Amino acid sequence: MLVFIFRRLLGILPILFLITLAVFLVMQVLPGDPALMILGTEATPEALAAIRERLGLNQPLYMQYLSWIGNVLSGDLGRSMVDNSPVSRAILYALPVTLQISFLAILIALVIGVPAGVIGATRRGGIGDTVVSLIGFSCISLPGFWVAILLLYVLSLYLGWLPSSGFVRLHEDWIGSLQTSIMPAIALGLRPAGIFMRLVRSSMLEAMKSDYVRTARAKGITAMKVTLRHGLRTSLIPLLTVLSVEFAALLGNVVVIDTIFGLPGFGRLIYNSVLRLDLTMMQSLVLIFAVSVILINLLTDVAYFILDPRIKER
Amino acid sequence: MPVERNIVLEVDNLQTHFSTDEGVVRAVDGVSFQLEAGKTLALVGESGSGKSVTSLSIMRLLQKGVGRVAGGRILFEGRDLAALTEPEMRRVRGKDIAMVFQEPMTSLTPVYTVGDQIAEAIMAHEPISKRAARARAVELLETVGIPEPATRARAYPHQLSGGMRQRVMIAIALACNPKVLIADEPTTGLDVTIQAQILDLMRRLQKETGMAILFITHDLGVVAEMADRVLVMYAGRTVEEAAVEPLFGEPRMPYTQGLMASIPRLGSAPEGVSHPRLQAIRGNIPSPRNLPQGCAFHPRCEHASPDFCTHNVPALEDSGMGHMVRCARWRDVLQTAQVAP
Ligand SMILES: Nc1ncnc2c1ncn2[C@@H]1O[C@H](COP(=O)(O)OP(=O)(O)OP(=O)(O)O)[C@@H](O)[C@H]1O
Ligand SMILES: [Mg+2]
């Protein structure tokens with residue numbers, strides 16, 4: 001197990017290198033002189049030269065890259081070009097918000113999607129199946145922002161059950177925290193819920209026709225055990241692939257959700273940094289997104305390893 | 001004077017239908033037989049003749065909503081299985097009647113160890129702790145001739161060969177000492193040496209436990225080795241049924257004769273090559289969707305008479321000493337066979 005994870009980590013190193021290089025180069029190519037951007041167009045040439053010196057902008061590119069990587073590795077992501085505050089502080093402030101919302105969203109998606117998929121597969125062609133298919137289809141086709149606005153309207157404005165914006169942190173007040181994160185999480189999680197539902201339904205239908213499910217039935221174990229232990233258990237393996245893809249996709253949707261619900265998460269950081277052309281911030285955010293996707297993939301591989309004994313051979 | 005017989009399973013006029021897009025398919029149409037404790041009945045016939053459907057009907061494992069037992073009785077020790085509720089039937093499966101399937105490569109769940117899969121079969125019917133069930137699983141692996149059973153119990157199916165997996169399947173089937181074992185082509189896909197080992201194993205286990213075996217196969221060579229009685233199926237019906245010696249010595253239905261003629265002679269198959277699938281009879285087995293008028297076999301039959309066989313379905317009749325034949329012309333067929341060298 002540890003050897004497996006170690007090998008995966010080794011495999012990730014070149015990918016990380018390429019990603020950091022790409023992020024770095026793209027930022028170099030973007031129009032705009034950071035020195036000018038910081039000091040404004042009326043700056044004197046001496047001042048510009050001084051700040052270039054300080055930022056290391058007149059060093060060769062590879063030196064700039066190396067020093068950037070060195071800083072990133074030591075946790076220093078640079079300073080915002082807008083207000084000169086450390087980027088890492090802003091990110092550490094936003095990260096828990098986005099993590100909490102995304103994990104809650106995936107949890108909701110699993111809690112809804114998996115049982116619904118099982119019901120769809122076991123009641124194939126019946127009313128349960130029709131209802132599940134209909135819900136699954138709606139979940140996938142309704143846009144997240146629309147669901148978000150609908151939720152806001154009904155649960156906050158009309159019923160007044162939940163606060164309409166803002167975020168309470170988990171360690172401050174966990175009930176309040178749940179209240180502020182439940183609506184964004186639903187809005188984010190509905191699409192993956194629909195996708196999980198359909199995937200579990202179709203792979204379970206396949207599994208229930210398989211020879212090993214027939215063997216399980218021939219043993220005389222209960223129908224429930226046949227469905228869950230043999231049908232569902234083997235369907236979790238394809239679910240895993242989709243889960244990791246959906247998680248990554250979800251991270252991309254936080255911009256809209258943060259904006260609608262006024263959350264101080266990653267989405268807001270992205271939004272602000274783009275509006276204000278805060279290059280250092282953007283660079284760091286892109287890097288963090290890329291690293292998160294890699295981490296998710298690593299976790300997925302580890303989960304495969306646990307769920308599917310056939311992987312150990314390779 | 002009938003001899004005392006201990007009949008554990010009796011199938012009486014079984015009818016199994018599938019609803020398909022093209023209408024109802026009568027995959028099994030009026031099959032009857034009796035299975036005695038400690039004895040083996042072989043079910044033979046070409047592909048598509050309804051052998052597997054017969055066995056799945058007995059176990060009530062037909063795909064729900066598609067296949068159903070439409071008529072007849074399936075009596076296990078006098079109880080009609082066709083009339084049981086699903087929870088009652090569940091207690092029969094694996095406990096009273098167990099089954100070994102055709103495909104050892106895909107019949108085990110890939111994500112559990114074989115030991116756990118055997119233990120699951122035990123725990124389905126006995127109040128026993130998981131530890132005790134696992135220990136029994138190891139004993140069962142030893143019984144079916146798997147070396148280092150304690151280690152192998154922790155192996156996953158993909159780590160075992162086809163022959164080993166089929167032994168595991170047999171161990172699962174034996175887990176609760178069933179009175180009837182249904183083996184649906186348990187050796188197809190395995191090479192000849194392994195085939196012989198599996199057959200030996202089944203014979204030995206039958207002697208030890210006294211279970212009855214319903215042995216399904218294409219391979220008449222295997223039938224001669226394994227069976228006490230033989231039932232030949234064609235297009236969902238019984239066409240001949242007899243004890244092994246009379247059936248092999250004097251087959252009375254032209255179809256059975258065709259099957260016999262297609263057995264490779266001893267030694268004719270090269271070492272390590274399994275018997276080829278039966279195909280020596282000209283023509284193909286008709287689709288049960290679209291059976292010919294009259295005797296279902298007449299288009300392929302050398303003895304078919306244009307007047308009778310093409311219009312009338314012959315009855316299954318006793319041609320003497322319980323040798324059942326479904327052929328209007330069996331007497332003539334028998335004569336020609338005796339005249340011929
Ligand atoms: N799920 C199904 N839906 C429709 N028809 C079916 C289905 N399963 C079986 N049948 C019909 O039942 C007939 C008999 O099939 P069966 O599997 O019993 O043949 P078999 O004698 O076991 O052949 P084989 O030697 O190839 O295993 C088939 O020809 C097919 O027409
Ligand atoms: Mg079959």
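Guide: What follows is a conversation about a predicted model, taken chain by chain and then at the contact between the chains.

Visitor: Gladly! How many helices and how many strands are there in chain A?
Guide: Reading along the sequence of chain A, one passes α after α, with the pattern α-α-α-α-α-α-α-α-α-α-α-α-α. The C-alpha trace of this chain spans about 85 × 55 × 35 Å along its principal axes. The count for chain A is 13 helices and zero strands.

Visitor: How far apart do the C-alpha centres of domain 1 and domain 2 of chain A lie?
Guide: Let us begin with the bounds: the domain assignment of chain A gives residues 2-73 as domain 1 and residues 90-275 as domain 2. Between the C-alpha centres of these two domains of chain A the distance is 37 Å.

Visitor: Which residues of chain A does UniProt list for "domain: ABC transmembrane type-1", and what is the helix content of that span?
Guide: The annotation comes from an unreviewed UniProt entry and lists residues 95-300 of chain A. The end C-alpha atoms of that span lie 21 Å apart.

Visitor: On to chain B. What is the make-up of residues 9-260 of chain B in helix and strand?
Guide: Those residues carry the UniProt annotation "domain: ABC transporter", again from an unreviewed entry. The ends of the span, taken at their C-alpha atoms, lie 28 Å apart. Its make-up is 38% helix and 28% strand.

Visitor: Which strands stand at the edges of the open sheet of four strands in chain B?
Guide: The order in this sheet is β2-β1-β4-β5 (chain B), with antiparallel pairing. Two strands have a single partner each, so one side of each is left without a neighbour in the sheet: they are β2 (23-36) and β5 (79-80) of chain B.

Visitor: Which strands of that sheet does helix α1 of chain B touch?
Guide: Helix α1 (residues 51-59) of chain B packs on the sheet, and its direction makes about 110° with that of β1(B). The strands it touches are β1 (7-20), β2 and β4 of chain B.

Visitor: Which residue in the turn between β4(B) and β5(B) has a positive phi?
Guide: Strand β4 (residues 67-76) of chain B is joined to β5(B) by two bridges, and the two run antiparallel. One pair sets B:Leu75 with B:Asp80, and B:Phe76 stands opposite B:Arg79. The strands form a hairpin with two residues between them, and the one in the turn with a phi of about 45° is B:Glu77.

Visitor: How many bridges join β1(B) to β4(B)?
Guide: These two strands also run antiparallel. Within them, B:Val11 of one stands opposite B:Ile74 in β4(B). The number of bridges joining β1(B) to β4(B) is eight.

Visitor: What is the strand order in the open sheet of eight strands, and which are its edge strands?
Guide: The pairing in this sheet is mixed, and the order is β6-β7-β8-β3-β9-β10-β12-β11 (chain B). Pairing on one side only marks the edge strands, β6 (97-100) and β11 (317-318) of chain B.

Visitor: Finally, the contact between the chains: which salt bridge does B:Glu120 make?
Guide: Chain B and chain A bury about 2300 Å² between them, 56% of it on carbon and sulfur atoms. In chain B, B:Glu120 is one of the three residues that lose the most area to chain A, along with B:Val111 and B:Tyr112. Three salt bridges are found across the interface. The side chain of B:Glu120 meets, at 2.7 Å from N to O, that of A:Lys219.

Definitions and conventions. Residues numbered from 1 in each chain as written. Chains lettered and ligands numbered in written order. Predicted model: local features only at pLDDT ≥ 70, side-chain atom pairs only at ≥ 80, totals over all residues. Heavy atoms only, no water. UniProt positions renumbered as here; feature names shortened; annotations may be inferred. Domains from an automatic or database assignment. Pairing = 2+ DSSP bridges. Contact = heavy atoms within 4.5 Å. Axes fitted to C-alpha atoms, helices over the stretch in contact; angles between N-to-C directions. Buried area = accessible area lost by both parts, 1.4 Å probe. Salt bridge = Lys/Arg side-chain N within 4 Å of Asp/Glu carboxyl O.
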